[in-house]
Amino acid sequence: MWELRRVRLYPGGRLVCIQFHGTAFASITDRPQCERYVDGNGYLALPGFIDSHIHDRTSGYPEYDEPDVETVRTIVLAALAGGVTTVVAMPNPRKPTTTIEALERKIALIRDVAITYKLLFGATKDNTGEIAQLGNYLEWVLGVKLYMEPTTGDILVREIVDQRRVMASCAEAGLSVVSHVGNARMLEQNRAQFAEPHLTDHCTIRHPLVELDGTNTALQLARETGCRLHIAHATLPSALALIDNARLAGRLVTAEVCVQHLVRHDGFLQGLAGSLTSAPLHKVNPPLRSAEDMRQLVTDALSGGRADTTATDHAPHSFQKKMRARYDDIPSGMTGLQTYFHIMFNFFAQGIISFERLIELTSRGPARIFGLANKGRIEAGADADLVVVDPEAFVQIREGNTISPCGWTPYHGMECRGAIKAVVARGKLHNSQLTMRTNTLGRGIVE
Ligand SMILES: [Zn+2]
């Protein structure tokens, strides 16, 4: 047993002590209970962040993997540095997680790590047989990812008839579908307009209408099949409105909004905002939208309540690949896991969202969506995952601090309020600037 003394569970709240036993919170008390303790100095303690959309580029088939870009080990280190204690990894490394064998290899990689590491299984047009077996792996697998348009990795369910079959088999197996919505045919038609596209054409090729069409299709298929649907990285206020309508009609549908679409607009891809050299770093799917859409997304998704969770879609590629000359050769994806906490906490510090809403978006919401019943709250019996924050201190995001082997962040130079002082994951203290002490109780400890 040990405890974290003198922290607040919400701004202006009373000082409490949090006791840890094994990997769970044991109790929360007004007075010290344990001889081993860390003094929390009056800082805030928040439930550990859940980033339910990350890409680790690792499959367990070394001959396919890109270890220079991101591994399970570096994901864990970046998460712990950034206040994230649970991640959900996507199934599209080079060798995708679309078979039971690939799933078992991936599980072997994540089994004993310091954070809670979960997976989505990848749907293909003909692996419903595998989907039917996922009930044996529910400790690790939280759902099935359905890619309705091409993106990184060879993992696409292109035709609606196949998409419907995937959703029907997930509904039958009691699994949620997480969908990267889109329409491959529309996307290809848009691409065909350009002989040699420039970066700035990315937003025309992956046009808002492609996302809206895909959102409509996914919602329709979920309705037909009774499948529980989580829509990944909604970027448009109009897409959120569609999802909201379905929700109001009683459908089991939730929406994720990603950080990059809340703080970056297409001007960054065009080199009009930020620096010219950072423009290719901002090539991402779905693409950054207009500044107006971005501002409206912040209002609707965050304060307006239309996002059920935020996430990062952390998708590292090597800097060399991001700097390639040809549009088609530049991989899509932005990094964001290590900076997730800072950017989201800053929305709270700026008064854009309440403290309650911050917790809802970053831990309680994703815990509910993915059935992680013991996460998203600091209460006796819940999983002992938290982040200790000095809410007054400022931090500047620096590329040089990037833990991911890719070595870059699109947010270099961004100043955020809220400095992480310690992280507890599965009951263990990590990256602590606060010292573990031992003191016999009742001998003049002043609290
Ligand atoms: Zn993704």
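Helix 13 crosses helix 14 in a right-handed manner (right-handed if the near helix is turned clockwise from the far one by less than a right angle, left-handed if anticlockwise). Helices are DSSP runs of H or I with at least four residues, strands are runs of E with at least two, and both are numbered from the N terminus. The model is predicted; local features need pLDDT of at least 70, side-chain atom pairs count only at pLDDT 80 or more, and totals for chains, interfaces and linings use all residues. Residues are numbered from 1 along each chain as its sequence is written.

Helix 13 spans residues 340-349 and helix 14 spans residues 355-369. Their axes come within 9 Å and cross at roughly 155°. Axes are lines fitted to C-alpha atoms, for helices over the stretch in contact, and angles run from 0 to 180 degrees between N-to-C directions. The two helices are therefore roughly antiparallel to each other (angles over 145 degrees). Helix 13 contributes Met 344, Phe 345 and Phe 348 to the contact. Helix 14 contributes Phe 355, Leu 358, Leu 361 and Thr 362. Residues are in contact if their C-beta atoms, placed from the backbone, lie within 7 Å. Of the contact residues, 6 are nonpolar, 1 is polar and none is charged. Here Ala, Val, Leu, Ile, Met, Phe, Trp, Tyr, Cys and Pro count as nonpolar, Asp, Glu, Lys and Arg as charged, and the others, Gly among them, as polar.

Two strands pair if DSSP finds at least two bridges between them. Strand 15 (residues 415-425) is joined to strand 16 by 3 bridges. Val 423 has His 430 of strand 16 as its bridge partner.

A further open sheet holds 5 strands in the order 3-2-1-4-17, and its pairing is mixed. Strand 3 (24-29) and strand 17 (436-438) stand at the edges, each with a single partner strand, so one side of each lacks a neighbour in the sheet. The twist from one strand to the next averages 30°. Strand 4 (residues 36-39) and strand 17 run antiparallel and are joined by 3 bridges. Val 38 stands opposite Met 436 of strand 17.

Technical notes: Parallel < 35°, antiparallel > 145°, perpendicular 65-115°, else oblique. Contact = placed C-beta atoms within 7 Å.
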